[in-house]
Amino acid sequence: RLLIIDFGSQVTQLIARRLRELSVYCEIHPYQSVDDAFLADFAPKAVILSGGPDSVTREGSPRAPQSLFDLGMPVLGICYGQQTMMTQLGGKVVSGEGTAEFGRAYVTPEGSLDLLEGWFEDDKEQVWMSHGDHVSEIAPGFEVFGTSPNAPFAITADVSRQFYAVQFHPEVHHTPNGSKLYENFIKLAGFTGDWTMGAYREQAIEAIRQQVGDKKVICALSGGVDSSVAAALLHEAIGSQLTCVFVDHGLLRLNEAEEVLSMFRDHMNLQVIHAEEQELFLGELEGQSDPETKRKIIGKLFIDVFQKYANEIEGAEFLAQGTLYPDVIESVSFSGGPSVTIKSHHNVGGLPEKMGLKLVEPLRELFKDEVRALGVELGLPASFIGRHPFPGPGLAIRCPGEITREKLEILRKADAVYIDQIRKHGLYDEIWQAFVAILPVRTVGVMGDGRTYDYACALRAVTSVDGMTADYYPFSHEFLGETATRIINEVQGINRVTYDITSKPPGTIEWE
Ligand code: XMP
């Protein structure tokens, strides 16, 4: 196995992800916990030193254990990892004016190196730099294999000892062929690449059992991919020690509650409490038209309801959440690791603190597509795993202004027709998220020989990678025309259909 020593870079998890893509098993450990005894016990086959926010020129800044360099194994240092490696092996690093380099840069090769095999397609390669300091003198035994305008030692290596050092970040998207370096590194370290998502599942199950022991766990199941995969994984790990609560706020899509319950109760055999609180939510929302007020009401009630049901489960000590790695990196530093906090975390409204529960977050090392792969591995149907995201406040934010039962019913039907159209035309998987919003206006129409005065609706469909930015989906006019006709014919209460072509930014994906 491979050891990644984490010096606190925001992208350390991406290194792990690149290695998983290459079917290599690795573990990330913060530098504070890696000492000689740890190394002896872990017995890595190779080590990667991550980037980090500190400066090696600062006294007391993080270091790798010196013994690492005497163990005779391949070591790859990245950014800060490169700099501490140089310093520890007798080179020099300087900071100050003229040493920084942020963003895109181009590296030019010098000589040939096994780590770089097949990497340089032209005489230079695009890389992503993010460093304040740079190496001014390489350590004895090292040679230069690549330079960039601001980093004369962009790629160096001590070939005889299999020590490699790069100033840039091969793991990020903006180093387009960076995976090739990892591929070469694991090959020269002797990995065969036989690790799979199945193996990850076994490990994750073992880790849950270790953490939870014989205690009980509760989980808020929303039917979304993250909470579903987390619940399925926990169920496999601890079986009946897990109870899920499915909060039904009356703002779900057509047949959604039935589908989620049948999937988890009948198909997966989980214990799921159906918290039927539609009346409570819709009652409290009556007469409310301000978007923030609506969201706050739903958020608060969700916590109250979840707490009420959870209190009935005696002896629960843990709360499971489907937190993913991108949520972690945006909010808190990784596993008590050394990275800088970017934003304070707002996990389900501070539930764990309020209820005195400990957290189990079995997906916190994974990215969305890896969670999907794990879900399939756990036996969740691919169609379920591939569903579009659905927001916590549900249809409330797709019904601008005041919510009424009538509007919700119309919205559910229109949404079902729209999604059916998208599926029939084979477009579902190309679209990141699609839904109907019912507008708070009635418009005049003519149907048959009569005048109608019904609601207008807006169709929304976007492409996106992570929901942070999005563009509207370019449906054909035929598709839009056919869908509008179907909705007006099949859904009583709607007589006008529009298509929302706003991108994000400046718009948001949802209407509220
Ligand atoms: P916006 O509308 O902010 O949405 O562009 C981006 C993504 O987030 C989802 N979304 C939410 N998800 N609780 C959630 O769980 C929320 O309050 C919420 N608001 C928006 C939205 O569906 C889209 O995928």
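Trainee: What should I know about the numbering and the model before we start?

Mentor: Residues are numbered from 1 along each chain as its sequence is written. The model is predicted, and local features need pLDDT of at least 70, side-chain atom pairs count only at pLDDT 80 or more, while totals for chains, interfaces and linings use all residues.

Trainee: How many helices and strands does the protein have, and what makes a stretch count as one?

Mentor: The protein comes to 15 helices and 20 strands. Both are DSSP runs numbered from the N terminus, a helix being H or I over at least four residues and a strand being E over at least two.

Trainee: Why is histidine 169 called buried?

Mentor: A residue is buried if 20 or more other C-beta atoms, placed from the backbone, lie within 10 Å of its own, exposed if 12 or fewer do, and partly exposed in between. Histidine 169 has 24 other C-beta atoms within 10 Å, so it counts as buried, and it lies in the loop between β11 (163-166) and α4 (178-188). Glutamate 171 is found in the loop between β11 and α4 as well, and with 25 C-beta neighbours inside 10 Å it is therefore buried. Of the 512 residues of the protein, 40% count as buried.

Trainee: Which residues does UniProt list for "active site", and how do you know that they gather at one spot?

Mentor: The unreviewed UniProt entry lists Cys79, His169 and Glu171. They span 93 residues in sequence, yet no two of their C-alpha atoms are more than 11.3 Å apart, so they gather at one spot. The record's positions are given in the numbering used here, with shortened feature names, and such annotations may be inferred rather than shown by experiment.

Trainee: What makes two residues a contact, and which residues does histidine 169 contact?

Mentor: Two residues are in contact if their C-beta atoms, placed from the backbone, lie within 7 Å. Leaving aside neighbours within four places in sequence, the contacts of histidine 169 include Cys79, Trp128 and Ser130, whereas glutamate 171, with residues up to four places away not counted, touches Val11, Leu14, Ile15, Arg18 and Gly178.

Trainee: Is glycine 223 buried or exposed?

Mentor: Glycine 223 has 20 other C-beta atoms within 10 Å, and it is therefore buried. It lies in the loop between β12 (216-220) and α6 (225-238), and UniProt's unreviewed entry includes it under "binding site", with Ser228 also listed. Serine 228, placed in helix α6, has 27 C-beta neighbours inside 10 Å and so counts as buried. Not counting residues up to four places away in sequence, glycine 223 touches Ser228, Glu256 and Val260.

Trainee: What covers the buried residues of α14?

Mentor: The cover includes β17 (433-447), β18 (450-463), α15 (477-490) and β20 (494-499). Among the buried residues of α14 are Leu408, Leu411 and Tyr418.
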